[in-house]
Amino acid sequence: MKIISWNVNSVRARIENIKNYIKDSSPDVLLLQEIKTQNENFPSSEFENLGYTSYIFGQKSYNGVAIISKYKLKKVKTDFINDDLKQSRIITGELSINLKQNIELINIYVPNGNPVDTEKYEYKKEWLKKFIINIKKKIKKS
């Protein structure tokens, strides 16, 4: 199982690079961050032509995450964190390889937080705090 994570800094601007990478490396799952597009403008058909399904949590102009998978995912969610700024930064899903094994995917685009001692920094700290709390809850359920 090959799972790759890539901050693409605009999926539409890098689509040829991404498609070439997929053709060369054939990942099972590709986690993309900073896709910088809304769901309806995401190039899903480009990935479908390569045998992949796209699961998207987009946002206009910045942020956004997506999971591109050879396999159908279950339990795809975009509400892992209650983001105060409503930014598209996290998407989760469950990959079932067989009836005995599930892989939980969590694709995140962490806020930058620069410079220190600003609202951006405080937002990042709060976002990470929420993320850690939710990860701990998920582990306890397992």
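1. The lining of the second largest pocket comprises, by class, six nonpolar, four polar and five charged residues, where Ala, Val, Leu, Ile, Met, Phe, Trp, Tyr, Cys and Pro count as nonpolar, Asp, Glu, Lys and Arg as charged, and the others, Gly among them, as polar. Of the 15 residues that line this pocket, Q87, R89, P111, N112 and K120 lie nearest its centre, and its volume is about 270 Å³. A pocket here is an open set of points on a 1 Å grid over the protein atoms alone, where a 1.4 Å probe fits and protein lies on both sides within 12 Å along at least five of seven lines, and lining residues have an atom within 4 Å of a point. Grid points are joined across faces, edges and corners, and a volume is the space filled by probe spheres set on the points.

2. The model is predicted, so local features need pLDDT of at least 70 and side-chain atom pairs count only at pLDDT 80 or more, whereas totals for chains, interfaces and linings use all residues. Residues are numbered from 1 along each chain as its sequence is written, and side-chain values use heavy atoms, with hydrogens and water left out.

3. The largest pocket holds about 400 Å³ of space, and its lining has three nonpolar, four polar and eight charged residues. The lining consists of 15 residues, and K77, F80, E104, K138 and K141 are those nearest the centre of the largest pocket. At least two lining residues come from each of β5 (73-77), β6 (90-98), β7 (101-108) and α3 (119-141), and α3 gives the most, with four residues; helices (H or I, at least four residues) and strands (E, at least two) are DSSP runs, numbered from the N terminus.

4. T92 is found in strand β6 and is buried, with a relative accessible area of 9%; buried means under 20% relative accessible area, exposed over 50%, and partly exposed in between (1.4 Å probe, protein chains only). Not counting residues up to four places away in sequence, T92 touches I67, K75, V76, K77, F80, L105 and I106, contact being defined as heavy atoms within 4.5 Å.

5. The largest nonpolar core has 14 residues, of which V11, L32, I35, F42, F47 and I68 touch the most other members. Two or more residues of this core come from each of α1 (15-25), β2 (29-33) and β4 (65-69), and α1 gives the most, with three residues. Apart from this core lies another, of 12 residues, among them V29, L31, V65 and Y109. Such a core is a set of buried Ala, Val, Leu, Ile, Met, Phe, Trp, Tyr and Cys residues joined through side-chain atoms within 4.5 Å. F42 is in contact with V11, L32, I35, T37, F47, S54, I56, A66 and I68, leaving aside its neighbours within four places in sequence.

6. I108 is found in strand β7 and counts as partly exposed, at 24% relative accessibility. Residues up to four places away in sequence aside, I108 touches Q33, V65, R89, I90, W127 and F131. The C-alpha atoms of I108 and N7 are separated by 9.9 Å, although these residues are 101 residues apart along the chain.

7. Side chains of opposite charge can pair when their charged atoms come close. With a salt bridge taken as a side-chain nitrogen of Lys or Arg within 4 Å of a carboxyl oxygen of Asp or Glu, the count comes to nine salt bridges. One of these joins K130 and D84, whose closest N and O atoms are 3.0 Å apart; because K130 lies in helix α3 and D84 in the loop between β5 and β6, the pair ties together parts that are 46 residues apart in sequence. K130 is partly exposed, with a relative accessible area of 23%, while D84 counts as exposed at 57% relative accessibility.

8. Two further pairs may be read beside that one. The side chains of E34 and K36 meet in a salt bridge (3.7 Å, N to O), in which E34 counts as buried at 14% relative accessibility and K36 is partly exposed, with a relative accessible area of 25%. E122 forms a salt bridge with K125, the closest N and O atoms being 3.3 Å apart, and both residues lie in helix α3, three residues apart, about one turn of the helix. Salt bridges that share partners also join E16, K19 and E46 into one network.
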